[in-house]
Amino acid sequence: LIRNVFEEPQDKDQRLSLLQYLVFNKGEDVTNRQLRDDLMTLLIAGHETTAAMLTWTLHELMKPENRMFLDELHDEVDSLDGRNPTFEELVQLPALRACLLEALRLYPEPPLLIRRCVGGDDVPVGPLCKDVEGDTVSFLPGQDIFISTWSLQRSQTLWGEDASRFNPHRWKESIPGKGGWLGYNPDKVATYQDERASDYA
């Protein structure tokens, strides 16, 4: 498949397949191995994370105590009159976006991140760091760092007393900063809740 894409002429008027998109964007320096690795990441990680997000969103929406959120979502989807939304219209579905974000918060994919410090670094202490003297934590070259997104996203220190509860409405409200974290500001949200709204949280 990869060899065929390299040999096919690029047609500007034709929609690109995902493989063609990767080839054309990587340019001439791309290798078959790089493309294969990119595709494997997309097919395995992208498929599994999306499926998990949708599964957990439906799991939460089906709980009797979350009926209000399900009704809001039904009303919003019904406004489309049975047709599939365009990308631009997806931005205009705030209840859907909030439900998906809240499911990602409670059930992050992946629930644990592992990173390796390449050159050593001093990192500012966060609001959840306990028993740390000073304003920074030092990481040594080659040291592995385990980050539990599951624990971070359920922390009452960061998210309030209802941190373990599914509440899509929380994305409408500001969350005050704690420690070195400046908090979350919904007024800074664009198409997606990213670092501009949450100070790299």
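In which loop does aspartate 131 lie? Aspartate 131 is found between β2 (121-124) and β3 (136-139). Helices (H or I, at least four residues) and strands (E, at least two) are DSSP runs, numbered from the N terminus. The model is predicted: local features need pLDDT of at least 70, side-chain atom pairs count only at pLDDT 80 or more, and totals for chains, interfaces and linings use all residues. Residues are numbered from 1 along each chain as its sequence is written, and side-chain values use heavy atoms, with hydrogens and water left out.

The chain holds 9 helices and 6 strands. Of its 201 residues, 27% are buried. Buried means under 20% relative accessible area, exposed over 50%, and partly exposed in between (1.4 Å probe, protein chains only). Accessible areas come from the Shrake-Rupley method with a 1.4 Å probe; for residues, only the protein chains shown count as cover. Contacts (heavy atoms within 4.5 Å) were also counted along the sequence. Among those between residues at least 6 apart, 50% join residues at least 24 apart.

Aspartate 131 has a positive phi of about 55 degrees although it is not a glycine. Its relative accessibility is 83%, so aspartate 131 counts as exposed. Aspartate 81 likewise is not a glycine, yet has a positive phi of about 55 degrees. This residue sits in the loop between α4 and α5 (87-90). With a relative accessible area of 71%, aspartate 81 is exposed. Glutamate 109 and proline 110 are joined in cis, with omega about 0 degrees. Proline 110 belongs to the loop between α6 and β1 (112-116).

Helix α6 (residues 94-106) was examined next. This helix has 13 residues and reaches 18 Å from its first C-alpha to its last. That is close to the 18 Å expected at 1.5 Å a residue, where the expected span is 1.5 Å times one less than the number of residues. Its buried residues are Ala95, Arg97, Ala98, Cys99, Leu101, Glu102, Ala103, Arg105 and Leu106. These buried residues pack against α3, α4 (67-78), α7 (149-153) and α8 (156-159).

Alanine 103 gives a local view of this packing. It lies in helix α6. At 1% relative accessibility, alanine 103 counts as buried. Leaving aside residues up to four places away in sequence, alanine 103 touches Met53, Trp56, Thr57 and Phe166. The C-alpha atoms of alanine 103 and threonine 57 are separated by 5.1 Å. Along the chain, these two residues are 46 residues apart.

Helix α3 (residues 32-61) also contains leucine 43. Leucine 43 has 54% relative accessibility and counts as exposed. Together with Met40 and Ile44, Leu43 forms a nonpolar patch on the surface. The accessible area of the three is about 290 Å² together. Patches are made of residues with over 30% relative accessible area and no salt bridge; like charges are joined within 9 Å, nonpolar side chains (Val, Leu, Ile, Met, Phe, Trp, Tyr) within 5 Å. A salt bridge is a side-chain nitrogen of Lys or Arg within 4 Å of a carboxyl oxygen of Asp or Glu.

Tyrosine 107 and tryptophan 150 form one of them, edge-to-face, at 5.9 Å centre to centre and 65 degrees between the planes. Tyrosine 107 lies in the loop between α6 and β1 and tryptophan 150 in helix α7, so the pair ties together parts 43 residues apart in sequence. Tyrosine 107 is buried at 10% relative accessibility. Tryptophan 150, at 37%, is partly exposed. Another edge-to-face pair joins tryptophan 171 and tyrosine 184, at 5.4 Å centre to centre and 85 degrees between the planes. Here too distant parts of the chain are linked: tryptophan 171 is in the loop between α8 and β5 (175-178), tyrosine 184 in strand β6 (residues 181-184), 13 residues apart. Tryptophan 171 is buried, with a relative accessible area of 13%. Tyrosine 184 is buried at 5%.

Rings of Phe, Tyr and Trp (its six-membered ring) pair if their centres lie within 6.5 Å; planes under 30 degrees apart count as stacked, over 60 as edge-to-face and the rest as tilted. Ring pairs also link Trp56, Tyr107 and Trp150 into a cluster. Trp56 is among the residues that alanine 103 touches.
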